[in-house]
Each structure stands twice: as C-alpha cells, then as structure tokens.
Amino acid sequence: MLATLKEVLQAAEDKKIAIGAFDTPNLESLCAAIAAAEEVELPTIIMHAQCHESLCPLDVIGPIMVEHAKKAKVPVCVMLDHGEDLDYLKRSLEMGFTAVMYDGSTTPYEENVKTTCEAVKLAASYGADVEAEIGSMGKREFGAGTPGEEDDAKIYTDPDMAKDFVAKTGIAALACSFGTTHGIYLTEPKLNFDIVKDVRAKADGIPVVMHGGSGVSEEDYHQAIAAGVRKINYFTYMDKAAGNAAAEYIASVEDGQPYFYSALRLKAMDAMKEDIKRAMLVFAGK
C-alpha cells in the first residue's frame with residue numbers, strides 16, 4: 001500500500017526503530033526490496049536517486065515504483081533520493097511519489113534554505129513530504145577513493161544550524177552528516193552519535209536520516225537508532241550482493257555451456273532480497 005514519508009517515520013518513532021530506504025534503479029532491486037519488506041512484515045521506502053538517471057530514467061522506473069508500492073502488502077513510501085533541482089522533483093511528484101529529498105547541501109546555507117522552502121511548498125501541493133540535508137557525507141553513490149584517505153568533502157552537521165534549518169523550512173526529515181560516507185567504506189567509519197542526539201534535541205525531535213548506511217556495523221546501527229536515526233538509506237552493499245551473485249553464477253557455468261541473463265537476473269535479485277531482509281531486521285532491532 002502506498003504510504004507517505006511521515007506515516008512510515010511515525011511508525012519508526014513509535015517503535016524506536018529505523019525504516020530502511022532502498023534505491024531501486026532497476027526492476028530487480030525494486031522487486032527485491034518490496035518482497036523483502038513483505039516477508040519481514042515491515043514498512044519500507046523505495047527510492048530513485050537523480051544520480052541514477054543514467055542507470056534507468058525516472059520516466060521509466062518511476063511509474064513502475066508507484067504501481068508496485070500500491071500493490072504491496074505493507075506500507076511503502078515512494079521517494080526521490082538526492083533530487084538536485086525543482087524540475088526533477090516536480091516530475092517525480094507528478095508520477096505519484098509520496099516524498100522527495102532535495103539535496104542543497106553543496107550550496108550556500110541561505111540558498112539551501114530558500115530552495116528547500118520552495119521544495120516543501122511544491123511537495124505539499126501534491127500531498128507529499130520533504131527530506132533535506134545540511135552538512136555533507138562527501139562521496140556520492142558509487143563513491144571511490146584511496147584506503148586510509150580522508151574525505152575532504154565531508155562536513156559534519158551543526159546541530160544549531162539544524163535547528164534553524166528545520167524551523168525555517170518545515171521539512172519532515174533531516175539527513176545529517178555524522179561520520180557515514182556514500183559508497184564502499186575504505187576504512188572503518190567513526191560515527192559521532194552526539195550529533196544525532198543534539199540535532200534531535202534542538203530541532204524538536206526531527207527524524208534524522210542516515211545516508212551512506214551500507215556497510216555500517218550492527219552495533220553502530222543500533223547506537224544510531226538509539227540516538228534518533230529513523231531512516232537509513234541503503235544501496236551500495238545490496239548492489240554489491242547482486243554483483244557477487246552474478247559473478248558466482250557465471251563461474252558456475254561449465255566450459256562450453258551458454259550463459260543466460262534470465263538465470264543471472266534471478267540469482268542477483270534473490271541475493272539482493274536476502275541482503276535487504278538482513279538489513280531491515282537489523283534496523284528493526286530483531
């Protein structure tokens with residue numbers, strides 16, 4: 001069933017858990033995410049990131065996401081992830097997306113506030129909710145770098161600025177930078193949970209979102225949730241699970257025998273579903 005961001009975040013707040021939010025830039029990841037949610041009987045959020053436009057255009061995958069969410073047996077929020085301009089946000093809202101994330105974190109603060117306010121007004125006209133970001137996780141999806149190298153683009157969220165930002169914009173959720181990074185972790189992340197606690201305390205209990213949620217230890221997930229994280233974005237490691245399953249399938253085919261994409265696709269989809277289920281249960285404290 002189609003749900004709003006506020007609805008699934010309220011369910012998370014009531015149970016003091018986090019809801020998993022999964023980028024689904026293809027049919028396999030979309031089906032895997034919804035099947036996993038139905039099997040563990042938890043709400044979920046499926047997302048299309050603007051930076052994944054080259055993998056599968058919004059105009060292609062967006063309507064399919066909405067239809068699958070409507071038919072799901074659990075509440076499913078359909079969300080735009082890391083929307084970079086209002087026109088792209090509007091396209092997703094016109095398709096029936098119930099939430100959008102406007103990412104103005106790389107722009108000057110006052111510009112971020114101004115455009116986020118415009119995003120909130122736009123989304124409200126469609127009955128949708130907005131997540132926004134201050135601070136920066138540094139690397140974007142498919143982030144890369146050198147092991148041991150610091151990510152110079154990472155800027156931690158200032159709780160006092162978060163308070164001002166939430167009050168001025170009226171957003172439903174805030175993505176905070178407290179030590180996570182998009183993409184594959186090259187070194188063990190050092191997370192500052194006090195940032196999450198302070199943001200929650202100063203910004204009227206705003207639901208905090210963890211970006212770069214793949215690859216974090218189970219203990220750190222639980223500490224983040226205890227501090228006030230209510231949404232965890234997760235993509236890289238489920239995508240990696242699918243890639244590993246595809247490689248295993250190819251390696252299993254005997255010399256001289258044909259490879260079949262349909263078989264590879266099913267192996268990859270099942271691997272994603274199992275990885276997503278594991279993540280969902282961790283986020284739910286199970």
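Helices (H or I, at least four residues) and strands (E, at least two) are DSSP runs, numbered from the N terminus. By that count, the protein chain has ten helices and nine strands. The model is predicted: local features need pLDDT of at least 70, side-chain atom pairs count only at pLDDT 80 or more, and totals for chains, interfaces and linings use all residues. Residues are numbered from 1 along each chain as its sequence is written, and side-chain values use heavy atoms, leaving out hydrogens and water.

**Overall shape**
- The radius of gyration (over C-alpha atoms) is 18 Å.
- Along the principal axes, the C-alpha atoms fill a box of roughly 65 × 45 × 35 Å.
- Contact means heavy atoms within 4.5 Å. Of the contacts with a separation of 6 or more, 72% link residues 24 or more positions apart.

**Burial and surface**
- Buried means under 20% relative accessible area, exposed over 50%, partly exposed in between (1.4 Å probe, protein chains only). Buried residues make up 56% of the 286.
- The chain exposes about 12400 Å² (Shrake-Rupley method, 1.4 Å probe). Carbon and sulfur atoms supply 52% of that area.

**Nonpolar core**
- A nonpolar core is a set of buried Ala, Val, Leu, Ile, Met, Phe, Trp, Tyr and Cys residues joined through side-chain atoms within 4.5 Å. The largest one has 91 residues.
- Helix 10 (residues 261–283) gives this core its largest share, eight residues.
- Residues with the most contacts inside the core include Ile-45 and Ile-171.
- Beyond its neighbours within four places in sequence, Ile-171 touches residues including Val-120, Phe-165 and Ile-206.

**Strand 4**
- Strand 4 (residues 76–83) has eight of its eight residues buried.
- Two strands pair if DSSP finds at least two bridges between them. Strand 3 (residues 44–49) runs parallel to strand 4, with six bridges. Ile-45 has Cys-77 as its bridge partner there.
- Strand 1 (residues 2–3) also pairs with strand 4 in the parallel sense, over two bridges. Leu-2 stands opposite Val-76.

**Cysteines**
- There are zero disulfides (a disulfide is a pair of cysteine sulfur atoms within 2.5 Å).
- The closest cysteine sulfur to that of Cys-31 is in Cys-56, 12 Å away, too far for a bond.
- Cys-31 is partly exposed, at 24% relative accessibility. Cys-56 is buried, at 13%.

Note on methods:
Rg over C-alpha atoms; globule rule 2.2 N^0.38 Å.
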